[in-house]
Each structure stands twice: as C-alpha cells, then as structure tokens.
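This briefing concerns a single structure. Please consult the sequence and the coordinates alongside the points below.

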Amino acid sequence: MAAEPPADDPVQDAPEVGPPRRAAAGLPAVGHSLRVAGRQMGVRRTALTLLRVNQRDGFDCPGCAWPEPAKPHRAEFCENGAKAVAEEATKRRVTPAFFAEHPLSELAERSGYWLGQRGRLTEPMYLAEGATHYRPIGWDEAFDLVAEELAALDSPDEAVFYTSGRTSNEAAFLYQLFAREFGTNNLPDCSNLCHESSGSALTETLGVGKGSVLLEDLHRAELIVVAGQNPGTNHPRMLSALERAKRGGARIITVNPLPEAGLERFRNPQTARGLVGGGTALTDLFLQVRIGGDQALFRMLNRLIIERDAVDRAFVEEHTHGYPELAAAARAAEWDETLAATGLTRAEIERALEMTLAADSVVVCWAMGLTQHRHAVPTIKEVVNYLLLRGNIGRPGAGVCPVRGHSNVQGDRTMGIVERPSAAFLDALRTEFGFEPPRHHGLDVVNAIRALRDGRAKVFFAMGGNFVAASPDTEVTERAMRRARLTVHVSTKLNRSHCVTGARALILPTLGRTERDVRAGGEQFVTVEDSMGVVHASRGRLRPASGKLLSEPAIVCRLARRVLGERSATPWEEFAADYAAVRARIARVVPGFEDFEERVSRPGGFTLPHAPRDERRFPTATGRANFSAEPVRWPTVPEGRLLLQTLRSHDQYNTTIYGLDDRYRGIRGGRRVVLVRPEDAAERGLADGDFADLTSEWTDGTERVARGFRVVHYPTAPGCAAAYYPETNVLVPLDATAETSNTPVSKSLVIRLTPSARCQ
Ligand SMILES: Nc1nc2c(c(=O)[nH]1)N[C@H]1C(S)=C(S)[C@@H](COP(=O)(O)OP(=O)(O)OC[C@H]3O[C@@H](n4cnc5c(=O)[nH]c(N)nc54)[C@H](O)[C@@H]3O)O[C@H]1N2
Ligand SMILES: Nc1nc2c(c(=O)[nH]1)N[C@H]1C(S)=C(S)[C@@H](COP(=O)(O)OP(=O)(O)OC[C@H]3O[C@@H](n4cnc5c(=O)[nH]c(N)nc54)[C@H](O)[C@@H]3O)O[C@H]1N2
Ligand SMILES: [Mo]
C-alpha cells in the first residue's frame, strides 16, 4: 500500500461530506474548470488553450475517447477535459534541481497527488544502481543504457513494453514495430485493465472488438441503456449526445448500483437552456442493480423477449448462429435467481422489457461497471444477445457502444499494440518491413507482473501511464517492479512509477498533445482514433514545456536505431523526421487506412470500416453473429461481507489526481472514503463519519487491508460499497481476474468493513 504522505505533504486527506448532487454540468462546472485551469496555466494560456480543444485545427483532448460531433461547438470541451488539458499545459516544472533536492526515498513516501502537482518533467533523468537521487542524463547516453540492458537479456521475451492509451497512432505503430523487430510480442497495455473484456466478447460474438455505433446512431436511438458507466464524470460530452437523443424522443435506462448525478439530469453548458434552466432529465428508468448482477438482468430480459415472441426472426435466421441454445438457456432463467442476483424487483425488470419492446432501435453503452468482473465477458455477451434478439446491430440508431477510456486507447490497438497479434497483422508487417516477427503470444499486464515478480522479465519500458499505481495488488506489483534490472518511463508528469524502480531507472520526458512538435521535416501532427472508430488529426500549438523534450515517435525511432543498429532495415531516421512517412506505412499495413494521409487531412478525418455496422457482415468463426448461452453467474458474498467496487472521483484522471473533491457525490477535501448504505454500515457498528478498515478476502485464503477510510452513508445498492482507485488497488489480488480477458476484477471485491483501530 502506498505510504502515508509525510507531515509536510500538503495533501491532507480530511473528507467533508454533504448531500450528493442530482444534476451535472451547467454553469458551476464551467466556472470550476476555468478556475482549475487558471491555477495551472494562468488566464491567458487558459483561454488560448481551451479554445483549441477538439477543434478542426486544434488538438484532440487528452481526456476521454468520446467523439467530436461533425460540427464541434466553439467550446467543445468539458470540465474534466479542461482539467486534463491544464494538467498537461501547466506552467509548473520538475527540473534537475528538484531531483537534487528530493531523494528517491522521500519521493517514494509522497502521495500520487503531490507528485503530479509538481508539474511537467523537463529533462531525461537517470537513477544509477544504488543511487539515492535521480541525476540528469543526455538522450544519447540514456538510449545507450537501454540498449546495454536489452543486449544483456537471455531472450527478447525478458523485456516488457507497456503502453498507456494516450499514445498517438504514429508513436504506437513505431513502438510495436520496434518491439517486434527486437523480437517480442510483450506489449501489454492499459486495455488489459480496461475494455479487454469488451474486446474479447465482441470479437467472439460480432467479429469486431470495437463498438458498432456512430454518434448519429446515438442521436437517433429510441432507447439507450447506460450500464456500468458514469459519463457525468468520465465522458461528460456524452451527456450532450444523450440530451440530444432525449430531445428526439429517446428513452434512457440506467443500470448502476449508484445513482450518478450526471445521468439524472444534465444542464448543458453549451446552450442557453442548459445555463439558466433546470436542464434535461435524462434517466427514465433507474435500475439499481447489485454489483455484478448485470448478466442475470439481461438474461431475464432475453427470456421475456423470447416469451413475448418479440424476436426479430428474419434477422436471427439470416445473420446469427446459436439461437436455439440461447433460447433454451434463456427459458431456463428463473425469477428467484434473477431477483437475488440483481436486487431488483420484477416490476422494474418488466418495465425495462416494455421499454425495450417499444423501441425500434436500441443502443447499449457500457464501461468499467461491466468489464471489471470475473464474469465480465459472459456479461457483455449477454448484452450482445439482448441486442441480437431484436436485430439491434447494424441498423441506424442501434448497436453496441463500449465507451472507451483513454483518448487513443482504441487507436493503439488498431496500430498493433496487442500481446496477441493476429497472424494477418504479423504477415503484413513482415511483407512491409522484411523481417520475421515473433509469432508466439506475449504478456498482458497481469502476466507481465507475474514475469517481473518471478524474475522472468528484467527490463520494463513504459510508453506513458503509471503502471505501478494503475495495476492491481499494489504490494506485489511494487515488489515485482523492484526486481527489474531496468525500468524506463516515457512520461509527461512525475508519478508513483518513477519512485518504485528497478535496479536502474530512467525517466524520459516527452511532449504532450497540446505542444508544437517540430521535426527535421517541419511541423508535425499526429492522429488518433476515437471510441467510435473515427480517425482524425491532432495538432499541438503550445511551446513545449522544455527545450529538452523529445516527441514519442522520436524517442522510439532513436531508441530503435540504437538497439537494433544496422540489422534493422527500417528507415527510423526518416520516420523520426516526418510522420507522414510513418502514415504511408500504416496505410499499407493496417486495413481501413488506405489513402491515410489524404483522408486524415480532411476536416473531421474519416471513419474506419466496421463490417457489422456497415453491411451486417460478421467476420466471426461461424461467419455469423454468435449468440452465447453461458451459465448465468453473479458474485457470491459470504455472510457479513460486502462487495466493493473501486471507481473514479470527479477530480481525477485515473492515477492523476486533480484535486480532492468529488463534487457530484457531495465529497470534499479527501479521497479515503468508503460509500456504503446506512443499514449496511449500522450492522457493522459504523456511523457516518466513523473510520473503517477495508479487508479484502481472496479464495486462496489471503487477505489484503487498506486502513482508515471515512465511512460515508450513501444510497448505493444493498450489500455493496464503493471506494476510489488507485488507493484501493492494494485490495485487488493479482490472481483475481476476469475469465478470458484476464482483466483485474476491480469492481467486485469481497470485503469486510471493520471499525478502524487507528482513527477511532
Ligand atoms: N475525468 C475522467 N475521465 C475519464 C477517466 C478518469 O479517470 N477521469 N478515466 C478514463 C478511462 S481510462 C476509463 S476506462 C473511463 C472509465 O469510465 P467509467 O467506467 O464510467 O469509470 P468508473 O469510475 O470506473 O465507473 C464505473 C461505473 O460503473 C458502476 N458500476 C460498478 N459496478 C457495477 C456493476 O456491477 N454493474 C453496473 N451496472 N454498474 C457498475 C459504478 O457505480 C460507476 O458508475 O473513463 C475515462 N475518462
Ligand atoms: N482498482 C482499479 N484499478 C484500475 C481501474 C479501476 O477502475 N479500478 N481502471 C483501470 C483502467 S480503466 C485503466 S485505463 C488504467 C490506467 O492506467 P494508465 O494508463 O497506466 O494510468 P494513467 O493514470 O492514465 O497514467 C498517467 C500518467 O501518464 C503520463 N502521461 C500523460 N500524458 C502523457 C502523454 O501524452 N505521453 C506520455 N508518454 N505519458 C503521458 C503521465 O506521466 C501520468 O502520470 O488503470 C486501471 N486500474
Ligand atoms: Mo481505462
């Protein structure tokens, strides 16, 4: 568990609690974002920067992956996008003097919030073996060092190349090319912790591991189900799309253990109505499901659709496979079981059925509330069943909408950042670059941690992200990292992963999205793919945080040449000088990117093909859309225990903490809180404001503890609790992962909640 901050750490975790909000965004949100941004950037820079977010000639917001509308609003950013931009465009700097002043032993005691608030990294830094401080190092010397450690490995598979989802298409393509020319498919990425379950389920059932709807589909849907997602905080611009759909007559069902303010009512800050009026009520039916009860809910809906003879027979016959098995499994669904699993009433589920049958087009949106469970993949497959039964795939206003996290996490996968690449992709690389790529599968995040822990991996390289804090089982992960020979992080900001290092460590500072990237071939732009498969350009305009930063593509190219030397025929120097040369290769390797340069130069970019959406073609093993008939499961909770989900507050971007408030949930000034129903707290002798320890129990008999959380009475589903990530990652066992996708089950941990000895 991350150590407590020292006394002079300005982060005082002293949560104050008021009533949760019932609406999101509107004027308070705009004011709030400008204040936050102003603190980091000053007033002028704030105005100049925010107006460029998500505009045609500007940069892609480094926040979430929600798409931009065809005609972006003049202020096409949200409160949390503004915070993401401010974090990057901050005027604060972490210089070599900072590292001289603060020994690693001290930095390792600091909170993630404190580290992040120091500002932008300015120079490459090196921690020598046994050294107490990082010291500055030149770029050439840094690349020599990485090359030396990689050359010393017994096999290329002893190196791990992690990616977080902000990396551009160009950088991602170069990075996977380098790793594969070096000889490994060890390319874990943040998807492994995030939407991997969606990818697994959708690839098997529909043949494409991505969402099948475009923004206009959402606008014209008659019913939108939002399950396991908190868009008011994590995808605020999605609320504008929901509002527009509502104005067109759509209805919305929300499935969530928590009532989330953003989904109750939305005051659109882009419209006069939203600024002064009461806003738009979004949710028509709130299903307060128990954690992990979603598969049972959708299974019962599927039974009812079949019983009511409301199946789209023509679609099912022409396009699907496995209907008889699904129908048999669905007919066997029982009410007792469904009500126990979901915590819902029969009337509520029947109401959801009526809304489903009344709608000619249905979209289901989801995020981490569905993907981070042991049975996440079967749950998402059941969602697919629900849509297939009524032909809600591949027609306007209908489809699957997994709402992606990081702004280019989907693009990174498209570019080949994947530990289990397809044979077709590797063949294309071989043809284009004339080398034999490794064919055996590489390590995902959880397996990379195991390999580091067991000494099977010795060099860890990260293209962005904060691996140590984002991964499960913090103690195990930190120990694993400390066993490495070398850890390297390409980063914009200081974080926990720079403080928990291998024997030697490097920090390689890089340009952010907002910054101008001038290379030998002139000023560059990069490209990204949003959650709906739209690819477009992103151009930074700000002066870089320091003259010593290199862009991510430049870092990869220089490293690749240094490591691979003349044995690589790839023109790394040409790629580093002009990213158009990289795009020309992407166009030849990745399907859907033909005429890449020309099409991405058009305003708004272009949309990648998606066979189920475009032509109701399903490139699966059966050549059809596959129904699934998995057994229904839900988490079982032993007597006296609760189910804990670990989620995001309104003031964070994953492990980057913007502030200590979670405004919509009524929490201010602290993050060590646990949300629990008054009755569930009372049963454990805990009043609101008391302090409690969280102990997670794992099936192998091991226990993990996180201490000193303030109890907050909150109207979550009975038997359920919620607390923030990453503070609670100590509680997630490394082996507790979803079947098939191997994603940590961050949303369903069995815990005991006991009065805290320390803080009573
Ligand atoms: N501002 C901001 N934006 C972000 C991020 C951020 O940290 N900050 N992170 C980005 C990333 S990488 C991602 S992946 C996305 C994450 O976006 P979300 O998935 O919205 O993020 P979480 O906070 O994990 O919220 C999970 C939601 O699922 C609900 N939930 C939990 N368990 C269950 C369950 O069993 N069933 C159902 N039906 N619901 C459940 C929770 O109550 C919560 O509302 O956001 C992206 N955007
Ligand atoms: N318990 C629990 N754990 C979770 C989750 C959960 O819900 N619960 N969610 C999971 C999810 S969905 C995800 S996606 C992962 C996130 O895992 P990561 O993607 O690894 O983590 P982030 O916090 O997004 O990474 C933040 C760091 O990225 C760096 N950075 C920011 N911008 C750039 C850039 O442009 N270039 C480079 N090179 N670096 C940059 C900064 O140094 C910053 O400190 O966490 C996962 N972990
Ligand atoms: Mo994510």
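The points that follow cover two helix pairs and a ligand site. The model is predicted. Two packed helices are described by the angle between their axes and by the distance between those axes.

**Helices α8 and α29**

- Helix α8 (residues 169–182) packs against helix α29 (residues 579–589) at an angle of about 70°, the axes being 10 Å apart.
- Because angles of 65 to 115 degrees count as roughly perpendicular, α8 is roughly perpendicular to α29.
- The two helices, α8 and α29, cross in a left-handed sense.
- From α8, the contact draws on Asn169, Glu170, Phe173 and Leu174; α29 contributes Tyr579, Val582, Arg583, Arg585, Ile586 and Val589.
- By class, the residues in the contact of α8 with α29 are six nonpolar, one polar and three charged.

**Helices α15 and α21**

- Helix α15 (residues 294–307) and helix α21 (residues 376–389) have axes 9 Å apart and pack at an angle of about 25°.
- Because angles under 35 degrees count as roughly parallel, α15 is roughly parallel to α21.
- The crossing of α15 and α21 is left-handed.
- Contact residues of α15 include Phe298, Leu301, Ile305 and Ile306, while those of α21 include Pro378, Val383, Tyr386 and Leu389.
- The contact of α15 with α21 comprises eight nonpolar, four polar and three charged residues.

**Ligand 2**

- Ligand 2 is surrounded by 30 residues, of which the closest are Tyr162, Ser164, Glu552, Thr655 and Tyr725.
- An N or O atom in the side chain of Asn495 lies 2.8 Å from an oxygen atom of ligand 2.
- For the side chain of Asn654, the distance from an N or O atom to an oxygen atom of ligand 2 is 3.1 Å.
- A nitrogen atom of ligand 2 is 2.8 Å from a polar side-chain atom of Asn729.

Methods: Residues are numbered from 1 along each chain as its sequence is written. Chains are lettered from A and ligands numbered from 1 in the order in which they are written. This is a predicted model: local features need pLDDT of at least 70, side-chain atom pairs count only at pLDDT 80 or more; totals for chains, interfaces and linings use all residues. Side-chain values use heavy atoms; hydrogens and water are left out. Axes are lines fitted to C-alpha atoms, for helices over the stretch in contact, and angles run from 0 to 180 degrees between N-to-C directions. Helices (H or I, at least four residues) and strands (E, at least two) are DSSP runs, numbered from the N terminus. Angles under 35 degrees count as roughly parallel, over 145 as roughly antiparallel, 65 to 115 as roughly perpendicular and the rest as oblique. A crossing is left-handed if the near helix is turned anticlockwise from the far one by less than a right angle, and right-handed if clockwise. Contact means heavy atoms within 4.5 Å. Ala, Val, Leu, Ile, Met, Phe, Trp, Tyr, Cys and Pro count as nonpolar, Asp, Glu, Lys and Arg as charged, and the others, Gly among them, as polar. A residue is near a molecule or strand if one of its heavy atoms lies within 4 Å of it. A polar contact is a pair of N or O atoms within 3.5 Å; within protein, one must be able to donate a hydrogen and the other to accept it, and residues adjacent in sequence count only if both atoms are side-chain atoms.
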